[in-house]
Amino acid sequence: MGRSYRIPLPALAAASLALVTLALVLVFYVAPNDASQGFSQRIFYFHVSIALTAYACFGAGAWKALRHLWKRDPRADLESYVAVHQGVIFGSLVLLTGSIWAKISWGHWWLWSEDELVLFLVLFLFYAAYFMLRFSVDPGPQRANFSAVYALFGVVLIPVSFLAIRIAKSFVHPQVFTLHGPNFGGWMLVTYCVAQIAMLVFAHTLYRVELVGKRIDARLRELRLG
Amino acid sequence: MNYVADVRALARKDLLLELRARDTLPAMLLFVVATFVVFHFSLPAHSSQLAASGLLWVAIVFTALLGLGRAFVPEREQHVLDGLVLAPCDRSAIWLAKGIATFAFLGAAEVVALPVFALFFHGIGIATVAAVVLADVGICAVGTFLGAMAVATRARDLLLPLLFLPLAIPIVVGGVGASVVSSPGRYIWFLALYDVVFGVLCWATFEYVVTE
């Protein structure tokens, strides 16, 4: 089923386990405490890397959607759906980690002044509607087309919403993660990079696992009918 | 040009239907005025004018939703869409014509709604009017597109607000910004950007919505 040049799934799973463990060790034992925010700042290593992973999933979903519409790649529809699904899972984790951080830092579970939280709330609503749309149409070419077009709308909505939230807000976001800032270097940078790679590999593993499961489901249904 | 003639014929059909049946526009008008009355009672005394400006945009978005929900109903009930898809015209002409017709209904509703708002709450500046026009373009472009999708699903009317509202958030941000700040330039530009970006996207992908 998989193409020959692909990394086998067990190897991928082992790699993501090792990377996530390494990231946890680095985040909790190696990275120094942030000078102004202390221990709680460490959640940012996960928060930011999960957020970028969610964007990557939505981007991959839109890329597969484009392939479906453009090249009529028969596998692209399912791949696009699975990528968006993973994106929503990681997006929910962004909301969760962001809320925890907001509670610790400011004593509130929700802050409208926090750009990324608000953006992910909008995206969460948008992609929740994606599932409503997809499961409200019978399986077939029309469902594939609708899902693909809506997934493309999603990647356009991300920058437009980001811009909207930026121009709408009244407070300034505390810029902890300006990559060139003096408060971000050495072990902090290494920890962040490892956490980022770990999350991306982990997401890719989950994506492959779900895809294999969905394909086996589809094949089984075909065999039963045939 | 052939494309323009197609769009004109299709838009004319929708406007003519509305002129004869009159089922969308009176409903939108009544809805928007009723919404203003509800807003009057939902705003406590001495609340700021800014709150009312924000509510104007809520009214516009929901009135538009009412019209958009009706947009593809004749197509669905009388199977017009099958005929249109078979016709030798570019599919995006269907979207453009429907968008223009919806824009006309929404615009007509607002010609009444904005003076009523000024009468009930407070005066409206030129920036708000400009923002309303630009927002209408975006609402009709995206809303018509999603309306065509929603009408083909099992959930139908239930689905359109769910699909539309997350995409309408940037419009509301731009519109409210243009209504409440003293230098509304960048909000107006933002609305124009939204119209261009989503207009092009809808125009380019509508073909996939109406064909199997």
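## Exercise 1: Cysteines

Over all chains, a search of the whole structure finds 0 disulfides, a disulfide being a pair of cysteine sulfur atoms within 2.5 Å. Cys193(A) is in no disulfide, and its nearest cysteine sulfur, in Cys57(A), is 19 Å away. The model is predicted: local features need pLDDT of at least 70, side-chain atom pairs count only at pLDDT 80 or more, and totals for chains, interfaces and linings use all residues. Residues are numbered from 1 along each chain as its sequence is written, chains are lettered from A and ligands numbered from 1 in the order in which they are written, and side-chain values use heavy atoms, with hydrogens and water left out.

**Solution.** 
- Step 1: recall that a disulfide is a covalent bond between the sulfur atoms of two cysteines.
- Step 2: apply the accessibility classes, in which buried means under 20% relative accessible area, exposed over 50%, and partly exposed in between (1.4 Å probe, protein chains only).

## Exercise 2: A helix in chain A

**Task.** Check the length of helix α4 (residues 115-134) of chain A against what its 20 residues should span.

**Solution.** 
- Step 1: know the element. Helices (H or I, at least four residues) and strands (E, at least two) are DSSP runs, numbered from the N terminus.
- Step 2: find the expected span, which is 1.5 Å times one less than the number of residues.
- Step 3: see how covered the helix is. In α4(A), 14 of the 20 residues are buried.

## Exercise 3: Where the chains meet

**Task.** Describe the interface of chain B and chain A, and find which residues form its salt bridge.

**Solution.** 
- Step 1: count contacts (heavy atoms within 4.5 Å). Chain B brings 30 residues into contact with 28 residues of chain A.
- Step 2: take the buried area, meaning the accessible area (1.4 Å probe) that two parts lose on being put together, summed over both. The two chains bury about 2700 Å² between them, with 78% of it on carbon and sulfur atoms.
- Step 3: look for a salt bridge (a side-chain nitrogen of Lys or Arg within 4 Å of a carboxyl oxygen of Asp or Glu). The rule finds 1 across this interface: Asp138(A) meets Arg154(B) at 2.6 Å, N to O.
- Step 4: assign the side of chain B that touches chain A to helices. α7 (126-150), α8 (159-180) and α9 (185-210) of chain B each supply at least two residues, and α9(B) gives the most, with 12.

## Exercise 4: Positive phi

**Task.** Where does Arg22(B) lie, and is Arg22(B) buried or exposed?

**Solution.** 
- Step 1: remember that most residues other than glycine have a negative phi.
- Step 2: read the angle. Arg22(B) is not a glycine, yet has a positive phi of about 50 degrees.
- Step 3: Arg22(B) sits in the loop between α1 (2-21) and α2 (25-42) of chain B, and is exposed because its relative accessible area is 57%.
- Step 4: His79(B) has a positive phi of about 55 degrees and lies in the loop between α4 (73-77) and α5 (80-86) of chain B.
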